[in-house]
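Please keep the sequence and the structure in view while reading.

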Amino acid sequence: MTEARKRARRAEARTMLRRRGAAAATVVGVVALGAAWWTGSQGAMAQPQENLVVPADANIDGGKSLYAEFCASCHGADLEGQPDWQSPGPDGILPAPPHDETGHTWHHADGLLFQYTKLGGREALAVQGVAFDSGMPGFAGQLSDREIWNILAYIKSTWPEREREVQTARTQASISDGRN
Ligand code: HEC
């Protein structure tokens, strides 16, 4: 990765943190998380058999039903997330963020969204060497890869054009970097 690229990524991570409005006490954890998300170049996500991208023929309607069944209880029936999702609860764990355009799901490449859903937050970050106590469970035992892609296709289908374009570009960049 070039220096310029690293700088750009760090700047992006800082912007994300500002948007989250993270309280000073939570910044340490969030920085660790941000660093893994933005610089993760090692670990299981680096050498997949093939690129982790939403398949062109993903079933959006099927994904919508699965979302209602498996994700809505925490992320909201309308993808609105939990109240005060930017502030950790008394246990130090962050609430579930929205998956609509007001959240940060669209800031992340397809591969990361997939791994986060399949492995859960703690495990997805652990493979990148980051210890993070996440409230996001893994769905590997309950959903097939195909079903996870369908859910992600549904989530993405709800975003406005601009957010979709940004997220597509991010996925492309992640593939070019060999991180996807
Ligand atoms: C038991 C509650 C719970 C359920 C059910 C749940 N999540 Fe989460 N999820 C969370 C929490 C809490 C976070 C934020 C903590 C973190 O980032 O690790 C999160 C974070 C995420 C993230 C990373 C943040 C982002 O917006 O990119 C993704 C992706 C995600 N969830 C997808 C899903 C999908 C898809 C489903 C359904 C298959 C689902 N979640 C079901 C609690 C849940």
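Among the contacts in the protein between residues at least 6 apart in sequence, 64% join residues at least 24 apart. The model that shows these contacts is a predicted one, and the protein has eight helices and zero strands. Of its 180 residues, buried residues make up 29%.

**Confidence**

The protein averages a pLDDT of 83, and 73% of the residues score at least 70.

| Stretch | pLDDT | Contacts beyond near neighbours in sequence |
|---|---|---|
| Residues 13–31 | below 50 | 18 contacts |
| Residues 38–44 | below 50 | 15 contacts |

Where pLDDT is low, the predicted coordinates should not be read in detail.

**Helix α3**

In helix α3, which covers residues 60–70, the buried residues are Gly63, Leu66 and Tyr67. Seen down the axis of α3, these buried residues fall within an arc of 110°, and therefore they line one face of the helix. The face of α3 turned away from that buried side carries Asp61 and Glu69, which are exposed. As for what lies against the buried residues of α3, they pack against α4 and against α7, the latter being residues 145–157.

**The largest nonpolar core**

In soluble globular proteins, nonpolar side chains tend to be buried together. In this model, the largest nonpolar core has 23 residues, and those that touch the most other members are Tyr67, Tyr116, Trp149, Ile151, Leu152, Ala153 and Ile155. The elements that give two or more residues to this core are α3, α5, α6 (121–126) and α7, and among these contributions that of α7 is the most, with seven residues. Trp149, one of the core residues named above, is in contact with Val54, Pro55 and Ala58 when its neighbours within four places in sequence are left aside.

**Around the ligand**

Which residues come nearest to the ligand? Of the 24 residues around the ligand, the nearest are Cys71, Cys74, Gly121, Ser134 and Gly135.

Technical notes: Residues numbered from 1 in each chain as written. Predicted model: local features only at pLDDT ≥ 70, side-chain atom pairs only at ≥ 80, totals over all residues. pLDDT = per-residue confidence, 0-100. Contact = placed C-beta atoms within 7 Å. Near = placed C-beta within 6 Å. Buried ≥ 20, exposed ≤ 12 C-beta atoms within 10 Å, placed from the backbone. Helix = DSSP H or I, 4+ residues; strand = E, 2+ residues; numbered from the N terminus. Arc of directions from axis to C-beta. Core = buried A, V, L, I, M, F, W, Y, C linked by C-beta atoms within 7 Å.
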